[in-house]
Amino acid sequence: MKNILILLPLLFSNPVHCQILYEETFDNYTIGNLGTDPNGVIPGQGGWLTLSEFFGKTRHNNCTTITSELGRGKVLTLSSEMPPHDLIRLHLTKPDINSLIDQRNTGNNVIKLEFDFYTGPQTIGSSGMSTLQINDENNQSYYSSLVSYRYKSDTGNIIVGRLGGTFPVSLDNSNTTILPFDTWVTFRVYLDYINKKVYYETPYFNTVVMGDFLSQATGTNLIENYKPETLSNYFQAPKTAASQQMVNKLDNIKITALQSVPPYVLSATNFLSEKFNIYPNPASNVVTITNNENMLVNKIEVYNTTGKLINTQNYNNEAELQLNVENLASGTYMLHLQTNEGTAVKKLVKK
């Protein structure tokens, strides 16, 4: 079952400050082609426009499909053909996002975009690209993107940029952000129009990265001047060996209007997280959590890599504590350590 109800208690208790403007799980779609018009004119399922370019072949929609994913439901799948062509380009656009932004309550001037992305197999010897972006113009141009996630299928490199800020942005602690192949990863980004800041939350890397947003822009109502207009995905698969196929998938796309960036995002910085030690890691049964500055932990929340809350453990403001992980399934988890200084996020691998 998909994790679309996690925030409902918060929404009901504080509906003014947190509005879901758009949510797409693809579960209500029909298995098969997303669109019926490969020319990007007539909307297909869910109002998506699909434009395909096959060099040396007639346009069609067979590479943009709704498929069933075990344990996840229906997802949007983008794939090259077998055998491949010289070059395949797929353009998917969800228009009229601006009309949804106009429905937000007064003061909700932080726009949050989140989505699940499947990296797919590695394409050895040739580089394909899949880009998801939110634009402030009614087109798919990279140069109109407010924020853009670009993934390369040969290296696993994810490149992130935003309007009026430095490009690219590293989502981990290295100069190059690399994702594993054939893996679902959750991305969240907060566009803070009031403070001209952008925050990238990436549970897989155990990071929240802050940067400038619209830093050169002037005006008193930036969300109107640079209002999100479209959500788009650009998929380019170059010619590869006959045995290779480029495949990426999308799921659980959500756009939310907030009054402010959540406190745990503001406080979950790399600096705070680096003060904590977790051992053993990977672990089988019990992990010990310590820090050298006597910071007191009052609660640990365990999340999986898609952002689902798995377990909560309360503590009595302890500087050194133990967490039993014996009942967790094998995999990667994010431990949110709540302290008086903020929330530190640490990655844990369960054997």
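In this predicted model, the side chain of Thr 119 reaches the backbone nitrogen of Thr 183 at a distance of 3.0 Å.

**Around Thr 119**

- Thr 119 belongs to the loop that runs between strand E7 (110-118) and strand E8 (129-135).
- When neighbours within four places in sequence are set aside, the residues in contact with Thr 119 are Tyr 151, Leu 179, Pro 180, Phe 181, Asp 182, Thr 183, Val 247 and Asn 248.
- The relative accessible area of Thr 119 is 0%, so this residue counts as buried, because buried means under 20%.

**The protein as a whole**

- The protein contains five helices and 22 strands, and buried residues make up 55% of its 351 residues.

**Aromatic pairs**

- The count of aromatic pairs in the model comes to nine.
- In the pair formed by Phe 26 and Tyr 29, the ring centres are 5.3 Å apart and the planes stand at 80 degrees, so the pair is edge-to-face, because an angle over 60 degrees counts as such.
- Phe 26 and Tyr 29 are both buried.
- Tyr 149 and Phe 187 form a tilted pair, with 4.9 Å from centre to centre and 45 degrees between the planes.
- This pair links distant parts of the chain, since Tyr 149 is in strand E9 (residues 145-152) and Phe 187 is in strand E11 (residues 184-192), 38 residues apart.
- Tyr 149 is buried, with a relative accessible area of 3%, and Phe 187 also counts as buried, at 0% relative accessibility.
- Ring pairs join Tyr 149 and Phe 187 with Phe 115 and Tyr 200 in a cluster.

**Charges over rings**

- The charged end of Lys 249 sits over the ring of Tyr 118, at 4.9 Å from the centre of that ring.
- The charged end of Lys 347 sits over the ring of Tyr 204, at 4.2 Å from the centre of that ring.

Methods. Residues numbered from 1 in each chain as written. Predicted model: local features only at pLDDT ≥ 70, side-chain atom pairs only at ≥ 80, totals over all residues. Heavy atoms only, no water. Helix = DSSP H or I, 4+ residues; strand = E, 2+ residues; numbered from the N terminus. Buried < 20%, exposed > 50% of the residue type's maximum accessible area, 1.4 Å probe, protein only. Polar contact = N/O pair within 3.5 Å; in protein donor to acceptor, adjacent residues only side chain to side chain. Contact = heavy atoms within 4.5 Å. Phe/Tyr/Trp six-rings, centres within 6.5 Å; stacked < 30°, edge-to-face > 60°. Lys NZ or Arg CZ within 6 Å of the ring centre and 35° of its normal.
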